[in-house]
Amino acid sequence: MTAGTWAPVIGPRATAPWARRCSILLLVLGAAAVLVPFAWMVSTSLKPESQVFRQPIEWVPRTVRGANYSEATTQIPYWRYFLNSMIVAVPVVLGTVVSSAAAAYAFARMRAPGLRPMFALVLATLMLPAEVTLLPSFLLFRELGWVGTYLPLIVPSLLGGGAFNIFLLRQFFLTIPREHDDAARVEGHSFLSILVRVIVPQSWPAIALVATFTFVGTWNDFLGPLLYLSDQDSYTLPLGLNFFKDIYNTQWAHLMAASVLALLPCLLVFFLAQRAFTEGVVLTGRKG
Amino acid sequence: MARRRLAASGREALAAYGLVSPWVIGFVGLTVGPMIASMVLSLTDYGLVNPDAARWVGGANYREALTGDPLVWQSLKVTAYYVVLAVVFELVVGLALAVLLNVGLRGVGILRTVYYLPAVVSGVAVSLLWLLIFQPSSGLANAVLGLFGFDGVGWVYSTTWVIPAFVLMSVWGVGRAAFIYLAILQRIPTNLYEAAAVDGLGSFGRFLRITLPLATPAIFLNLVLAVIGKFQIFTEGFVISKGGPGASSLFFVLYLYRVAFRYFRVGYASALAWILFAVLLALTATAFRTSRHWVYYEGERQ
């Protein structure tokens, strides 16, 4: 049933053949336009600096210079920054998934006074721009002595995991038949063990979606690290790249080599989660 | 029996509170608390450097922002310019893309992945890529213009072209919006189109009479999300143009950051944050208020 929602042939079949051909042409042209910047990025990353701007554009560099990559990763402590990014992103993803799944489960399945108004508050915070709480949060973390550590970047994710994720998981949990819970309840399982044994195993597309969004968002986050990390050794990759740009701003080939490497983890996560991704988006767009 | 049920429901309530407690702590400590604090701060001249000297200034920050600080209006203006263009493109191009992707072609899965790629790789690395593309000397953007016989422009180094450059960059990521459209388009029953074809409607007629009205809920959702999201543009501006040239790409959040962390005026920056909130609230409320005239809902049918 889930496969059916994204099977290759669904759309209006009555489309005329010429319209179909135009669609293919437009789609392929558009996809090429999306890919061209990536291609230029990779191609530039392999050129000697002196040939970056040579006209007409050389898509396949005449001289391939792989050393750009090794140099880019040693001119700045690249792998240190890469590791720092992981040190932040991994706990954030885990914290977000666990704490948003817990809250989502309570909102989807349980009854207790005050739960409904609380869920309304979750929805209300969806619209709240982060800037409104940014400065007092900064002052709070400064007061706690957390500025200069990763705590301000990690701890908030443990506290609810974000309104959007709670909402998304709750909607998904609602699509799971309640009889599955009831059966487990009769067997004497607690709520927590129902969440772990019944709900989570059936929700992997939604969980993969939340994990992917969270990883990509954290990996690419710039403002958070910019505010809280001052020591260069503690920089995450985005700060490191920006720093690289500020000191070597004419070394485009090296900059692009560093950027290509920075994109790879997100692409990898995206491709790994892709199946879940497509299904998850389709399923959560549907009312339970 | 009754007591046992009560005990059971009490246990359920306890378990539920346990599960939502992290969120409650976060909500109180990192949302409500900071909101109140931000409100109070915005009425003071609190500074990062010498916080103990902070004084109560009442509405002076708001007065300064709205009447005495030309950069506030400049940043609102360039942000609005960017948001309008970026949102229009996102709605139109996104919908067109979704319609094309929904035509039902073989191999469309690969194309879908390609279109979604830019959404996965935002941030500094991509900003650096676009900074290179926009190099006037011989970046990709001007090379493409040259291909069609146009003269190159200054892109992010030109007061005229800097905002269109950011818009172009945002159009590149339009696949994300197309995904939301696609989810809705795929639920339009095929027999509607077949009936319309029998009635003699052409492709375009079917788009106007069926696809467009049924897609309005997704258009509405994308509109609200896009306005809120694009209004908060920061990283691209910080990395690519640093607000320049002059203040021609001084996006609102960029200015807020500068006020707080370069001029250390936290009180004033808090007032700016509330102004941002008010603007977004007003725009969202307008969208909701007008929505019943143009958004089509299929009743409560599932």
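Let's start with the core. The largest nonpolar core has 157 residues, and A:Tyr105, B:Ala178, B:Tyr181, B:Leu256 and B:Leu272 touch the most other members. By nonpolar core I mean a set of buried Ala, Val, Leu, Ile, Met, Phe, Trp, Tyr and Cys residues joined through C-beta atoms within 7 Å. Buried means that 20 or more other C-beta atoms lie within 10 Å of a residue's own; exposed is 12 or fewer, partly exposed is in between, and C-beta atoms are placed from the backbone. Helix H4 of chain A, residues 78-109, gives the most to this core, with 15 residues.

A word on the model. It is predicted: local features need pLDDT of at least 70, side-chain atom pairs count only at pLDDT 80 or more, and totals for chains, interfaces and linings use all residues. Residues are numbered from 1 along each chain as its sequence is written, while chains are lettered from A and ligands numbered from 1 in the order in which they are written.

Back to A:Tyr105. What is it in contact with, leaving aside neighbours within four places in sequence? A:Phe173, A:Leu195, A:Ile199 and, across in chain B, B:Leu19. Contact means C-beta atoms, placed from the backbone, within 7 Å.

Now the interface. Chain A puts in 78 residues and chain B 77. On the chain A side, helix H2, residues 17-45, supplies the largest share, 14 residues. By class, that side has 55 nonpolar, 17 polar and six charged residues. Nonpolar here covers Ala, Val, Leu, Ile, Met, Phe, Trp, Tyr, Cys and Pro; charged is Asp, Glu, Lys and Arg; the others, Gly among them, are polar.

Chain A next. It has 15 helices and zero strands. Those are DSSP runs, numbered from the N terminus: H or I of at least four residues for helices, E of at least two for strands. Of its 288 residues, 41% are buried. Take contacts between residues at least 6 apart in sequence: 76% join residues at least 24 apart.

Chain B. Here we have 13 helices and zero strands. Its radius of gyration is 25 Å, well over the 19 Å from the globule rule for 302 residues, so chain B is more spread out than a compact globule. That radius is taken over C-alpha atoms, and the rule is 2.2 Å times the number of residues to the power 0.38. The C-alpha trace spans about 85 × 75 × 35 Å along its principal axes. Buried residues come to 42% of chain B.

Last, domains. Chain B splits into domain 1 (2-41) and domain 2 (68-294), with bounds from an automatic or database domain assignment. Their centres, over C-alpha atoms, are 36 Å apart.

Methods
Contact = placed C-beta atoms within 7 Å.
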